[in-house]
Amino acid sequence: VQLQAFGGGLVQPGGSLRLSCAASGSISIINTMGWYRQVPGKQRELVAASPSAGSPNYADSVKGRFTISRDNAKRTVYLQMNLLNPEDTAVYYCNAMILTTRPYELRPYWGRGTQVTVSS
């Protein structure tokens, strides 16, 4: 199973970026899909998560600015980030809880990470 993320980059404060992350491989079911971020010297933190059923949840710091969505047919999760500020600068990682077919197991998978830099 692989999670491949796209969409990071450099943006000015107040700008927008859209991240996407596609899962591929021997997948039976994808449960929660989400995004985390990490800056040097700090723990990785949850940004937003989209369960397979129910409403998404967000970190307080991004509520009202970021929107998570998913396309189950494409096995892809998106993160629309608006009104970005320098405190959003981090490496963003996608995460998914996946039930694989071979081996038959449920566990979390991580994408490689994509850098988001907010700077003027």
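R37 is buried in this predicted model. Its relative accessible area is 6%. R37 sits in strand β4, which covers residues 27-38. What does the side chain of R37 meet in a salt bridge? The partner is D88, with N and O 3.0 Å apart. D88 is buried as well, with a relative accessible area of 1%.

**Other salt bridges**

How many salt bridges does the structure hold? There are five. Three of them are set out here.

| Salt bridge | N to O distance | Relative accessible area |
|---|---|---|
| D60 and K63 | 3.1 Å | D60 64% |
| R107 and E105 | 3.6 Å | R107 35%, E105 33% |

D60 counts as exposed, and its side chain meets that of K63. R107 counts as partly exposed. E105, the partner of R107, is partly exposed too. Some salt bridges share partners. In this way R37, E45, R65 and D88 are joined into one network.

**The disulfide**

A disulfide is a covalent bond between the sulfur atoms of two cysteines. The structure holds one. Which residues does the disulfide join? C21 is linked to C94, with 2.0 Å from S to S. The link is right-handed, with 45° about the S-S bond.

C21 lies in strand β3, residues 17-24. C94 lies in strand β9, residues 90-100. The pair therefore ties together parts that are 73 residues apart in sequence. Are these cysteines buried or exposed? C21 is buried, at 1% relative accessible area. C94 is buried, also with a value of 1%.

**L17 and its contacts**

Strand β3 also holds L17. At 15% relative accessibility, L17 counts as buried. Which residues does L17 touch, leaving aside neighbours within four places in sequence? L17 is in contact with G7, G9, V11, L79, Q80, M81, L84 and V116.

Now take L17 and Q2. They are 15 residues apart along the chain. Their C-alpha atoms are separated by 23 Å.

**The largest pocket**

Q2 returns in the lining of the largest pocket. Rolling a probe the size of a water molecule over the atoms shows where empty space is left. The largest pocket has a volume of about 180 Å³. Which residues line the largest pocket? They are Q2, L3, Q4, A5, W110, R112 and G113.

Strand β1, residues 2-6, gives the most to this lining. Its share is four residues. What classes of residue make up the lining? Three are nonpolar, three are polar and one is charged.

Start with P103. P103 is in the loop between β9 and β10 (105-110). The peptide bond from R102 to P103 is cis, with omega near -5°.

Next comes R75, in the loop between β7 (66-71) and β8. R75 is a residue other than glycine, yet its phi is positive, near 55°. R75 is partly exposed, with a relative accessible area of 30%.

Where is L83 found? The place of L83 is in the loop between β8 and β9. L83 is not a glycine, but its phi is positive, at about 50°. Is L83 buried or exposed? L83 counts as exposed, at 54% relative accessibility.

Note on methods
Residues are numbered from 1 along each chain as its sequence is written. This is a predicted model: local features need pLDDT of at least 70, side-chain atom pairs count only at pLDDT 80 or more; totals for chains, interfaces and linings use all residues. Side-chain values use heavy atoms; hydrogens and water are left out. A disulfide is a pair of cysteine sulfur atoms within 2.5 Å. Helices (H or I, at least four residues) and strands (E, at least two) are DSSP runs, numbered from the N terminus. Buried means under 20% relative accessible area, exposed over 50%, partly exposed in between (1.4 Å probe, protein chains only). A salt bridge is a side-chain nitrogen of Lys or Arg within 4 Å of a carboxyl oxygen of Asp or Glu. Contact means heavy atoms within 4.5 Å. On a 1 Å grid over the protein atoms alone, a cavity is a set of points where a 1.4 Å probe fits but cannot get out, and a pocket is an open set with protein on both sides within 12 Å along at least five of seven lines; lining residues have an atom within 4 Å of a point. Grid points are joined across faces, edges and corners, and a volume is the space filled by probe spheres set on the points. Ala, Val, Leu, Ile, Met, Phe, Trp, Tyr, Cys and Pro count as nonpolar, Asp, Glu, Lys and Arg as charged, and the others, Gly among them, as polar.
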